[in-house]
Amino acid sequence: MNQAREQLVATCIKGFFEMLNAHDLEGVMRGIADDCEMRIPSSNFTYTGKAALRDHLEDFIQSFPSIHFRDFVTAADPHENRVAIRFNISLIDDEGEETHMSNCNFFEIREDGQIEDILIFASAPLSKGFEVGNNQ
């Protein structure tokens, strides 16, 4: 059964972005499929499997004491269980350095509500908080 548009969007915003804003790694991981793959082609990063994604997201959360995803613009296809989200993000690392980006993520969600694929287009090069767990 396909999920409703609202359900798909909530999986991504509440179950992924808002959990990262709150530094809630366990909350994020509850919504990630065991075989999930996340790719960031512009930085040549790929995280394959839940363990690699956990390692990456743990490093991301530890690298940025302040994470703020916001200003979401969404498009969802409930027939294919896919969601595209454009958003702004502000990151502040432990040295006070700020990074501001306008990115777009594409999610594929399984019938059981688990995220199985994330494709990220980032508006700035990424390194700190992104190298741990990378398969490339």
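Me: In which sense do E1 and E2 pair, and over how many bridges?

Reply: E1 and E2 pair in the antiparallel sense, over four bridges, where two strands pair if DSSP finds at least two bridges between them. Strands (E, at least two residues) and helices (H or I, at least four residues) are DSSP runs, numbered from the N terminus. Please keep in mind that this is a predicted model, in which local features need pLDDT of at least 70 and side-chain atom pairs count only at pLDDT 80 or more, while totals for chains, interfaces and linings use all residues. Residues are numbered from 1 along each chain as its sequence is written, and side-chain values use heavy atoms, with hydrogens and water left out.

Me: What about E1 and E6, parallel or antiparallel?

Reply: That pairing is parallel, with four bridges between E1 and E6, and the bridge partner of Ile32 in E6 is Ile115.

Me: And what is the order of the strands in the sheet?

Reply: The order is E2-E1-E6-E5-E4-E3, in an open sheet of six strands with mixed pairing. Its edge strands are E2 (45-48) and E3 (66-77), each of which pairs on one side only. On average, neighbouring strands of this sheet are turned by 20° against each other, direction ignored.

Me: Switching to helices, which strands does H1 lie across?

Reply: H1 lies across E1 (32-40), E3, E4 (82-92), E5 and E6, and runs at about 170° to E3. Such angles run from 0 to 180 degrees between N-to-C directions, with axes fitted as lines to C-alpha atoms, for helices over the stretch in contact, and contact means heavy atoms within 4.5 Å.

Me: Which residues of H1 are buried?

Reply: They are Leu8, Val9, Thr11, Cys12, Ile13, Phe16, Phe17 and Leu20, with buried meaning under 20% relative accessible area, exposed over 50% and partly exposed in between (1.4 Å probe, protein chains only). In general, an α-helix has 3.6 residues a turn, so residues three or four places apart point the same way.

Me: How much of the whole chain is buried?

Reply: Of its 136 residues, 46% count as buried.

Me: Where does H3 lie?

Reply: H3 (residues 50-63) lies across E1, E2, E3 and E4, running at about 60° to E1.
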